[in-house]
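Open the model in your viewer and keep the selection panel at hand.

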Amino acid sequence: MDRNDLSISFNTLAYVALALGLFVYFHSLASWRARSRGQPLPPGPPSLPLVGNVFNVPNSQPHVGYRELSAKYGDIMHFQVLGRHIVVLGSSDVIFEYLDKRSANTSDRKVTPMLELVGADIIFAFFSYGQWWRRHRRVFWQHFNPTASAAFNPVQRTVAHRFLYKILINPSEYVKHVRYSFAASMMKIIYDNDIEAEIEEQMIRLDVTQEGVSQGLVPGKYLVDIFPFIRHLPSYFLGPELRVKSREWQDAATDLKNIPYKRVLDEMAQNPDIEHRSIISQLLARISHYRGTDSYAEEEDIVKNTGAIAFEAGGDTMYSSLQTTFLAMSLNPEVLKKAQAELDAVVGPNRLPDWEDQASLPYVTAIVKETLRWQNVLPLSVPHCTTADDELHGYFIPAGTILIANTWACMHDPQVYEDPDVYRPERFLKDGQLDPTVRDPFNYAFGYGRRICPGRHFAEASLFINTASLLHVFDITPPLDDTGKPIKIEPAMTDGIICYPVDSRCTIKPRSAQAEALILGARADAFAENVQ
Ligand code: HEM
């Protein structure tokens with residue numbers, strides 16, 4: 001072959017490559033046009049080649065950044081990051097229209113290989129929309145629907161009373177007590193386990209799994225999130241850090257799911273004749289007819305996963321919210337005084353509040369609402385995902401688009417809530433009663449559509465009983481420095497899917513000797529009921 005022949009074949013190759021490139025380009029353009037039927041993507045910041053909008057996505061306090069961008073681009077805003085379409089829904093109207101009314105197509109979740117690597121593939125909050133998710137949710141709902149969750153009220157009350165006692169004895173560690181209390185109530189109802197050492201071990205496992213979720217699920221942090229095929233290569237390709245970390249996270253998740261479950265099994269085997277009251281034992285009774293069949297392992301897995309998610313999803317969301325109540329009270333003494341005046345008038349000094357009092361305690365109920373509104377536990381909720389190509393307000397929404405609801409923007413909309421950054425429970429009241437015309441944070445804080453939080457009835461009951469009991473017996477004021485002067489705390493929340501107050505230090509003292517006696521009396525009852 002001479003030089004001319006070589007250059008001809010190179011030219012031919014170049015032409016073929018160009019023709020192929022053009023074919024692929026025009027083919028994908030045509031199929032995009034057919035899919036989108038000529039509708040544009042929603043507006044959003046201009047994107048760069050290859051990286052898209054990577055530099056436009058706000059990193060810190062993203063809910064605030066998204067609201068600022070919404071002012072420019074509107075309530076339906078598009079980003080493209082690492083080849084993924086993201087649509088941010090910035091107002092109440094579009095959130096409910098899309099995630100609630102059209103939830104048949106907007107209830108999926110983005111499933112990435114990282115879910116398995118952090119051990120979160122047992123958590124149905126992250127499952128894609130389908131039969132496996134539906135089966136878990138149905139089982140969960142059997143125990144957390146409004147009627148079923150009311151059966152947990154005695155445990156919630158007892159735990160609230162124990163919580164008051166722990167604060168009385170050691171007020172400076174109140175954050176630890178808040179967390180412990182919610183974990184203890186979940187352990188009691190899920191596993192009927194109230195052994196303090198075992199609750200603490202389970203909390204340690206929870207810490208590790210949550211580290212996995214908060215670090216491992218940051219989009220694009222690990223290469224496997226961008227190139228999922230890496231998951232199918234030898235684990236060496238994950239990189240040294242992820243290899244070690246993912247083992248730790250997966251082990252903690254497996255233990256969290258299996259260890260307390262196994263204890264229930266052992267107890268049932270040792271005491272077959274007594275009534276077992278935990279959620280797990282009831283679920284096991286319900287699947288007993290599968291024993292010996294091929295389906296048993298799968299049914300048992302659902303039971304275990306239900307226990308794990310109730311513990312994981314339940315504990316920390318409520319922990320964050322109640323911590324915010326402490327902060328709000330220490331910063332707003334006039335609010336605490338009004339709540340205490342209401343509690344004194346309705347409940348009186350000789351007992352602690354109960355759910356029967358709630359209808360007569362509109363101000364305390366408004367405090368629970370204002371706490372959920374003021375500092376959101378999940379300011380961007382949990383992202384949903386579309387299942388099929390779709391259209392919204394004339395814009396094309398491709399299948400697999402990640403949908404982010406800016407709950408925080410709805411809860412801080414100045415058109416709806418005057419001075420939205422101010423903590424003011426009065427905004428929910430009219431003539432001393434709850435005003436049903438005011439936007440209710442309960443309809444936002446727990447998410448939307450078919451994915452709405454199925455633990456919300458349990459959570460509402462828990463937040464009320466803990467808030468009312470706490471304010472009835474304690475004064476909560478700002479923390480003091482070494483010279484005894486009040487320290488000014490600036491309210492702020494951490495970043496992440498679930499957010500917590502950055503600093504919620506405060507001074508906590510019983511309101512009176514009578515309040516102290518009430519706490520001690522209730523503690524005796526709590527011990528009698530054998531709940532830690
Ligand atoms: C202050 C307390 C709580 C808040 C603010 C909260 C909020 C949320 C939010 C925003 C979601 C995502 C909803 C969506 O995707 O649209 C969610 C999901 C979920 N929550 Fe809660 N939650 C709380 C307490 C609880 C409790 C106590 C439990 C368990 C007893 C629980 C169990 C769940 C579960 C299982 C899911 C996943 C639902 C699914 O993907 O189908 N949550 N929660």
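Start by selecting R109 together with the ligand: a polar side-chain atom of R109 lies 2.9 Å from an oxygen atom of the ligand. Bear in mind throughout that this is a predicted model. Next select R137, where a polar side-chain atom is 2.8 Å from an oxygen atom of the ligand.

Which elements give two or more residues to the shell around the ligand? They are α5 (131-144), α13 (296-331) and α18 (456-473). Colour these three helices before going on. The one that gives the most is α13, with five residues.

Now show the whole shell. It holds 27 residues around the ligand, and the closest are R109, R137, H384, R451 and C453. Colour the shell by class and you will find 18 nonpolar residues, six polar and three charged.

Seen as a crossing, α5 passes α13 in a right-handed way.

To see where they touch, select W132, R135, H136, V139, F140 and F144 in α5. Facing them in α13 are E298, E299, D301, I302, N305, T306, I309 and A310. By class, this contact has seven nonpolar, three polar and four charged residues.

**Along α13 to α15**

On the α13 side, select S321, T324, T325, L327, A328, M329 and L331. On the α15 side, select I367, T371, L372 and W374, which they meet. The residues of this contact divide into seven nonpolar, four polar and no charged.

**Last stop: α11 and α12**

Clear the selection and pick helix α11 (residues 240-270) and helix α12 (residues 279-286). Their axes come within 10 Å and cross at roughly 70°. The two helices, α11 and α12, are therefore roughly perpendicular to each other. The crossing of α11 past α12 is right-handed.

Which residues make the contact between α11 and α12? From α11, select Y261, V264, L265 and M268; from α12, select I280, S281 and L284. Coloured by class, the contact of α11 with α12 shows six nonpolar residues, one polar and no charged.

How values were computed. Residues numbered from 1 in each chain as written. Predicted model: local features only at pLDDT ≥ 70, side-chain atom pairs only at ≥ 80, totals over all residues. Heavy atoms only, no water. Near = heavy atom within 4 Å. Polar contact = N/O pair within 3.5 Å; in protein donor to acceptor, adjacent residues only side chain to side chain. Helix = DSSP H or I, 4+ residues; strand = E, 2+ residues; numbered from the N terminus. Nonpolar A, V, L, I, M, F, W, Y, C, P; charged D, E, K, R; others polar. Axes fitted to C-alpha atoms, helices over the stretch in contact; angles between N-to-C directions. Parallel < 35°, antiparallel > 145°, perpendicular 65-115°, else oblique. Left-handed = near helix turned anticlockwise from the far one by under 90°. Contact = heavy atoms within 4.5 Å.
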